[in-house]
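Welcome! Here are a few exercises to work through with the model in view. Try each one before reading its solution.

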Amino acid sequence: MKTLTILLMDPPYETENTTTALRIADAALRKGHKVRVFAYEGAVSLTMSQQKQHPNPVKNQDVAQADHPTTIRAIQSLFKKGPMEWIACGMCVDERGVDFIPEAKRGGPKDFYEWVKDSTNTLVIGTQ
Amino acid sequence: MNANSKILSVAERAYRATVEEQDDTVLWFTWTVRKAGAPIDVLLRGNTVNYVVKGQEVSGLTFGEVSFGNPPAIEHDLQEMMKESIKIYVVREDLETRGINPSDILNGTHLISSKEIAGLYDQYDQIWHW
């Protein structure tokens, strides 16, 4: 089993980076590898516990029909898929007033570097 | 990857949230992992080459009656990072494109040509391209 560490910086619902990163995580877990994600800056909102699905009025869809994807649903599913760890940058969390899901832990850049040293490879996806 | 593996942190997106963060968040992160023991250097390319221009001053931000202190001081931060053995590489052509004279930039930085970037990357074990 190899270990992939990913750093994400984009907030949810802003760029394609989030979807791509979660797909990479999903693919690695499906192949039996371990995935670690460090959420920096706006990415701490990916695991924001207050996320709610909403209807899509222009398509006359209620909440159930729209089945709007939230990032916590995707991430919690990844946790069930295989060995995954998730750290949200604590200072970034405080700045944004974010409460996150229990699967995610609070940490800092030092934790990320400890992961880096212990990983097969690392992918940093910054905000452009 | 081990504790001796060298990392190059490549910053390209300039002034992202620097006022509200009081830092450039990429440089701050890089500096923090350096303090955690990482052998790490920085490459400034694109608009971030403006970070090495001397004499930048951004204090005085006020909303209503609230004034924000401790403004970002990236010039000072880079000088402190260099004291901690972080090399700061700057792409020469990106300075020229923006009309920045090399005589106006911080001492101690390393100017490289864009043609040398690939060779620079080869000197590192990991590239963190933010």
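A residue is buried if 20 or more other C-beta atoms lie within 10 Å of its own, exposed if 12 or fewer, and partly exposed in between, with C-beta atoms placed from the backbone. This is a predicted model, in which local features need pLDDT of at least 70, side-chain atom pairs count only at pLDDT 80 or more, and totals for chains, interfaces and linings use all residues. Residues are numbered from 1 along each chain as its sequence is written, and chains are lettered from A and ligands numbered from 1 in the order in which they are written.

**Exercise 1. Find the buried and the exposed residues of helix α3 of chain A.**

Step 1. Locate the helix: α3(A) covers residues 71-81. Helices (H or I, at least four residues) and strands (E, at least two) are DSSP runs, numbered from the N terminus.

Step 2. Pick out the buried residues, which are A:Thr71, A:Ile72, A:Ile75 and A:Leu78. Seen down the helix axis, they fall within an arc of 120 degrees, so they line one face of α3(A). The arc is that of the directions from the helix axis to the C-beta atoms.

Step 3. Turn to the other side of α3(A), where A:Ser77 and A:Lys80 are exposed.

Step 4. Look for the cover over the buried residues: it includes α1 (16-30) and β3 (84-89) of chain A.

**Exercise 2. Give the order of the strands in the open sheet of chain A.**

Step 1. Trace the five strands: the order is β4-β3-β2-β1-β5, with parallel pairing. Two strands pair if DSSP finds at least two bridges between them.

Step 2. Check the edges. β4 (105-107) and β5 (121-125) of chain A each have a single partner strand, so one side of each is left without a neighbour in the sheet.

Step 3. Zoom in on one pair: six bridges join β1 (residues 3-8) to β2 (residues 34-39) in chain A. Among the bridge partners, A:Leu7 goes with A:Phe38 and A:Thr5 with A:Arg36.

Step 4. Ask how covered β2(A) is: five of its six residues are buried.

**Exercise 3. Describe the side of chain A that touches chain B.**

Step 1. Count the residues: 13 of chain A are in contact with 16 of chain B. Contact here requires C-beta atoms, placed from the backbone, within 7 Å.

Step 2. Name the elements. On this side of chain A, α5 (109-117) and β5 each supply at least two residues, and α5(A) gives the most, with five.

Conventions. Two residues are in contact if their C-beta atoms, placed from the backbone, lie within 7 Å.
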